[in-house]
Amino acid sequence: MLAYSEVEKVEGDVGDFRVTVRKKARYVDEGKCTGCGACAEKCPTVVSDAYNMGFANAKAIYRYFAQGIPSTYTIDAKACRQLGQGKKCGVCARICQAGAIDHKQEDQILEMSVGAVILATGYELFDARRIPEYGYGRIPNVVTALEFERFLSASGPTDGHVYRPSDLKARNALPEMEKAVQKAARDLEKYEQRFSRTSDDFMAQFERESLEGDDYVKWAAQVKEHRSLAAGLAKAKEVVEKMHGAHRIAFIQCVGSRDIRFNRHCSVFCCMHAIKEAMIAREHDKEAEVYILGMDIRAVGKGSEEYRVRGAKEVGLRYIRTRVAEVTEEADRTPVIWYEDTKERIVKKIPLDLVVLSTGCEPSPATKPLAGLFGLEVNDFGFFKTKASSPVDTTRPGVFVCGCAQAPMDIPESVAQASSAAARAAQVLSGSEPMRLASCKEIG
Amino acid sequence: MSGTAGTNGNPKTSDVRIGVFICHCGSNIAGYLDCEALTRYAATLPGVVYARNNLYTCSEAGIGEIQKAIGEHKLTRVVVASCSPRTHQPLFKSACAQAGLNPYLFEMVNIRNQCSWVHMRERETGTQKAMDLVRMGVAKATFLEAQEDIISSLVRRALVIGGGVAGLSATEALADMGMEVFLVEKQAALGGLVKSLYRLAPSGESAADLVNGLIELVTSKPKVKVFLESEVTHVGGVVGNYEITIKDARGSESKELVGTIIVATGAVPFKPEGLFGYNGENVITLFELEERLAKGVVEAWNIVFIQCVGARNEQRGYCSRICCVTAAKNALYLKEQNPDAHINVLYRDIQTYGTENEKMLWDSKGKGVRYDVYDAKRPPVVRDGVVKFYQPLMGEARELPYDLVVLSTPLTPPADVPSLSRLMRIPVDQHNFFLEAHAKLRPLDFASDGIFLCGTARYPATVGEARAQGLGAASRSGTILFKDKLINSPLVAAIDDKTCVGCQGCLGVCPYSAIEYVAETGVCRVSTILCKGCGNCASTCPSSSVKLKGFTPKQMLSQIRAMAG
């Protein structure tokens, strides 16, 4: 298994492909690293945690997530003091008891001969910033479904509690704000000792009589600074004190899907993950009001429709048939969704604690370059082209595709397709190529 | 098939020479527990002749230490106190085996996930708990017995039940992998439902061409033996060696041996007798429309499709997945035949999931097909040449004159599903679709080893999906058939026939149907290949005649007594 690697060149044909792979430098020896994590604990460089969608921090030496395979750590070369910034550091190398850190490691170029190739390169999520009227990136309490998944996770950035991100931001900012107030207070103390009087007393006189002298002007400025910081802190504390779980949650469906401006296709999995996340949100908070707003609820998988019905009957999920027009924000950071209820023919709005965007499935950015490397066609939707009667055969014999690289699909469908692709590869490798070649050519 | 070996009763004290290895796991354990003290303590436990600690017991050096100690200290038991057996037990077991120690004389104690990680700020009590855990592990190890893996042979032959697109695809792939296949079809011809369909979306290829091509491909393969108008009447045996009986139309039976079974028994369209004025003439089902289209031009000017007929209701709570797609496809073909036809589709949610399916919705709308939503609480009424329905978007009742109404009815499981389910001891869901081992991760497997599932026997699927699943089931089947022999864990249940009274209480609690009652002897018997070692029977048996190897009362009680100190 070659993780952190990319295909660079493909030669040959079905039954005899020669593939060149770049195995990117991790700067950690896979054979030695035991995944203990001591390096990440001591690494001085803090970066945003991509796995937790930036809602938590990671280090410049990292493992994408705890159960990742292999469990080897990797140095983010750009962020690393030693590799990226030319500074002296090497803390990780000193702490590693296995001697696995290798700052001099280089990319490896590997060549391999294979008879068949399976592309399982997945998909990309739609960037919700492309729909400005939903406010993602501008309104803090609008999040994507994947961010919401991290909130729901017991090992996620909020330990499984669902809060408004604006409140979380305020809470996380408190320590820094407190430090700033304390520092300003210490600065005042110096003046107070020097002039043997309290700052309040001084300030009262300063404002009454407009005292002259540089020190007095500086002291007064310092007092104002302290007062403004303290007022800011008090306000932030008030917000944090009032902070409560996000009780009112709405899911907006088809964000970037079934939309003539972006992607015409349906992304298949979003209706079901919205229902699932809504159900889990209700498990966490029995009082939660949860809405799912979409044009059609596409519960077409095995057990899906029953799950949708259970959501309404047992936990009171509210499905609203609409396409949400806009999300606005009130002064207290409450997001408000605006929509037309198509069953009642009324334009309505709902104030909420949290808006979750069910972002759609797009072809992975790797699809086009890979199609070029392998000489494959992509379809009108940008996914690898196949045919209903040969669902995992690409337009080139011996190259197969499965999962969301072929089209959006849910987990069971992806798993079933993976097995199909394996079967097709086995057919080729078992020596039935002549027959297969014939049937592949039909497609082309 | 070889049996299992082992000794009964207490081992002689001199036979028990236990080595204990305490892992630091870098700082994962040693950072929170006193591993030195733990090692000194382990050395004092009864039976322990050697104890040491390592930075990483799983590293090459750590494994080397274990193997060296087995030789030098003549260890007869090895205990490793480290992480989770789920991840590392196989490594340590094989290390023991390489050093000549039976791998079932190895015991693992989890002092990381279950101790150091949960007691990070309680060094003293955490260390105390680790001592308790190690003492329990050592106590159990004392009574461990050597076991031999259960090895069985297999035949490289598969049975595929059902000759529709899923079954044909599975057969094709298996034959190409070099396996012999028996393909059993109930009907007089192969092809299943697809042979009656018109064209396939979105490419427009003829369904008949596809299915005839597949039939030709499959029947031309010398390794494939097709049984038409035949049924499987008996399934016995276990994975690798299923004994099956196939009965043909004339009643003649053939007994065969197969390694795996693929269930591709399909589904049938629901006939909506008494619903929406169904008459099979000008009110027909979606499937009947396909048959008419396949035969030629459908002459109708005003066509109304009604979706979810007999589906997503009290009787059939599921969405049949393919009917909206099929309606959109056929609306397009009807428009192709007669661009001036008025076509209305009345739906609840329009389920054209994915890329090409959604495109058909857009395209058909572009060709003038009208889609109107209806509320399940106010369903359309078909009467006197008019479909009446309530259009919530406009808030008004509307009437559509028709000369053809097409009712989109769900695919339903065939009537013989319950008997097939009993025959193969495989489960079904509440609707009688066959139930896979895991909804997400094992969609094509049954919980029973060696039996697989594909196509509409699992759930409604498009032709492309059924084909993908058929190929997939062949691949899953191949994971068994490509093996030289089957290796099963020996940690299975065994019934003492001297004490068993034949009450058959164990039969009911066994989730794998691994126990049978043998009438001649009056006692129950465990199939060691079917048994997964769950222990339900052992904890149920009123006469304590069932023992689960690796978890015998002696082993468990010694562990519990050690816990009490």
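## The contact between chains A and B

In this predicted model, chain A brings 46 residues to the contact and chain B brings 50. On chain A, the helices α9 (304-315) and α11 (411-429) each supply at least two residues of the side that touches chain B. The biggest giver on that side is α11(A), with twelve residues.

What does the side of chain A that touches chain B look like by class? Here 22 residues are nonpolar, 13 are polar and eleven are charged.

## A cis peptide bond in chain A

Let's turn to the backbone. Most peptide bonds are trans, and most residues other than glycine have a negative phi. The bond from Ile69(A) to Pro70(A) is cis, and its omega is near -5°. If you want to find Pro70(A) on screen, look in the loop that runs between β5 (61-62) and β6 (74-75) of chain A.

## Positive phi in chain B

Two residues of chain B are worth a look for their phi values. Arg321(B) is not a glycine, yet its phi is positive, at about 65°. Its place is the loop between β15 (302-306) and α9 (323-337) of chain B. Is Arg321(B) buried or exposed? Arg321(B) has 26 other C-beta atoms within 10 Å, and the cut-off for buried is 20 or more, so Arg321(B) counts as buried.

Ser513(B), also a residue other than glycine, has a positive phi near 50°. You will find Ser513(B) in the loop between α13 (505-509) and β26 (515-518) of chain B. With 13 other C-beta atoms within 10 Å, Ser513(B) is partly exposed.

Technical notes. Residues are numbered from 1 along each chain as its sequence is written. Chains are lettered from A and ligands numbered from 1 in the order in which they are written. This is a predicted model: local features need pLDDT of at least 70, side-chain atom pairs count only at pLDDT 80 or more; totals for chains, interfaces and linings use all residues. Two residues are in contact if their C-beta atoms, placed from the backbone, lie within 7 Å. Helices (H or I, at least four residues) and strands (E, at least two) are DSSP runs, numbered from the N terminus. Ala, Val, Leu, Ile, Met, Phe, Trp, Tyr, Cys and Pro count as nonpolar, Asp, Glu, Lys and Arg as charged, and the others, Gly among them, as polar. A residue is buried if 20 or more other C-beta atoms lie within 10 Å of its own, exposed if 12 or fewer, and partly exposed in between; C-beta atoms are placed from the backbone.
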